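Visitor: I would like to go through this model by asking about its surface, its helices and its charged pairs. Please show it to me.

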Amino acid sequence: MNCLVCDSSMVYYFTKSFHSCDVEYYKCTHCGFVSSKTHREMSEEKFGLLNCAYHQTYQGKDSNPDDPRWFHRLNIQAEVIDDAAFLGLIKADGKWVDYACGGGELSSILAAKYGRNLLNYDKYMGKENSYLKNEDMIPRTFDFVITTSVFEHFTKKKHFAAVESLVGKTGVFGIHTVVCEEIPQDPQWFYYTPIVHCSFFTNKAMSILFNQWGYSSSIYNVNSRLWLWFKEPPLNIKEQLEVANTREQGPTYIYKDGFVDYWK
């Protein structure tokens, strides 16, 4: 089995049992990316039904037992997105989309608190008339694409690429997922549950994707656990963020030429 990120060989890492099902995890010998062989071998239909069934247990509610900080984090992410638009890092009047948005909670917060228009798309949950349809997801037509708690659910490289392909040539890509220096071999690690989590990124693996897709710099906000990636960062972004970071209130940012490998 080859790595979804760098195509290097993967080796057996460990097995964990979920509800009478044994899930086998494999680790990349080059970038450290870990993925579930069990989920990768499922049909897309079966895995889609599994994801849908799980997310329906908490979508539309104010809490998620498997992620107690979920709703609190969404509010902080909305604050960061609004601030990034205010600072000119994201095109304020551009076309924004939340990919795999679930119940659309993030866009609702942005609209109610900040008057921002974040469109919703979800392949499995998007039954509402207001959601974008598959035919609306035209490559390179969005000024801002965000995906939160989604990268850990993908089983094929084409799934990652499909999201990134939506980002316009001068657009910004927002990502929230867990990234570690090394993925633990401990089956009790919190991110190995629920069963629908099947892809786990190291800093090296995420940096490889970052470079493969042609991004040049990124920023990270610790409180929201949110990265913003830029192919063409705004002029004077470093100086602008230095000023922003001196504010008495408001988000602060870490900037890097390359991927911000904060969690080490």
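Visitor: What is the accessible surface of the protein chain, and what percentage belongs to carbon and sulfur atoms?
Guide: This is a predicted model, in which local features need pLDDT of at least 70 and side-chain atom pairs count only at pLDDT 80 or more, while totals for chains, interfaces and linings use all residues. Residues are numbered from 1 along each chain as its sequence is written, and side-chain values use heavy atoms, with hydrogens and water left out. Accessible areas come from the Shrake-Rupley method with a 1.4 Å probe, and for residues only the protein chains shown count as cover. The surface comes to about 12300 Å², and the share of carbon and sulfur atoms is 50%.

Visitor: How many helices and strands are there in the protein chain?
Guide: Both are DSSP runs numbered from the N terminus: helices are H or I with at least four residues, strands are E with at least two. The protein chain has 7 helices and 12 strands.

Visitor: Why is the protein chain described as being as compact as a globular protein of that length?
Guide: The radius of gyration is taken over C-alpha atoms, and the globule rule is 2.2 Å times the number of residues to the power 0.38. For 264 residues the rule gives 18 Å, and the chain is as compact as a globular protein of that length because its radius of gyration is close to that, at 18 Å.

Visitor: What does the C-alpha trace span along its principal axes, and what percentage of the residues is buried?
Guide: The C-alpha trace spans about 50 × 40 × 35 Å. Buried means under 20% relative accessible area, exposed over 50%, and partly exposed in between (1.4 Å probe, protein chains only). Of the 264 residues in the protein chain, the buried share is 54%.

Visitor: Among contacts between residues at least 6 apart in sequence, what percentage joins residues at least 24 apart?
Guide: A contact means heavy atoms within 4.5 Å. Of the contacts in the protein chain between residues at least 6 apart, those joining residues at least 24 apart make up 64%.

Visitor: Which residues of helix 6 are buried, what covers them, and which residue just after the helix takes a positive phi?
Guide: Helix 6 (residues 203–212) has N203, A205, M206, I208, L209 and F210 as its buried residues. Their cover includes helix 5 (157–164), strand 8 (179–180), strand 9 (199–202), strand 10 (217–221) and strand 11 (226–230). Just after helix 6, a positive phi of about 85° is taken by G214.

Visitor: Which residues are buried in helix 4, what covers them, and which residue with a positive phi follows the helix?
Guide: In helix 4 (residues 105–114) the buried residues are E105, L106, S107, I109 and L110. Helix 3 (70–86), strand 4 (96–99), strand 5 and strand 6 are included in what covers them. The residue that follows helix 4, with a positive phi near 70°, is G115.

Visitor: How many salt bridges does a search of the whole structure find?
Guide: A salt bridge is a side-chain nitrogen of Lys or Arg within 4 Å of a carboxyl oxygen of Asp or Glu. One of them pairs K37 with E41 at 2.6 Å, N to O; K37 is partly exposed at 23% relative accessible area, and E41 is exposed at 55%. The number found in the whole structure is 10.

Visitor: Is E164, which meets R140 in a salt bridge, buried or exposed?
Guide: The side chains of R140 and E164 meet at 3.0 Å, N to O. The pair links distant parts of the chain, 24 residues apart: R140 is in the loop between strand 5 (119–121) and strand 6 (142–148), and E164 is in helix 5. R140 is partly exposed at 35% relative accessibility. With a relative accessible area of 3%, E164 is buried.

Visitor: How many residues apart are D257 and K238?
Guide: Their side chains meet in a salt bridge of 3.4 Å, N to O. D257 lies in the segment after strand 12 (254–256) and K238 in helix 7 (residues 237–244), and this pair of distant parts of the chain is 19 residues apart.

Visitor: Where is N236, which has a positive phi although it is not a glycine?
Guide: Most residues other than glycine have a negative phi. N236 has a positive phi of about 60° and is exposed at 56% relative accessibility. The place of N236 is the loop between strand 11 and helix 7.
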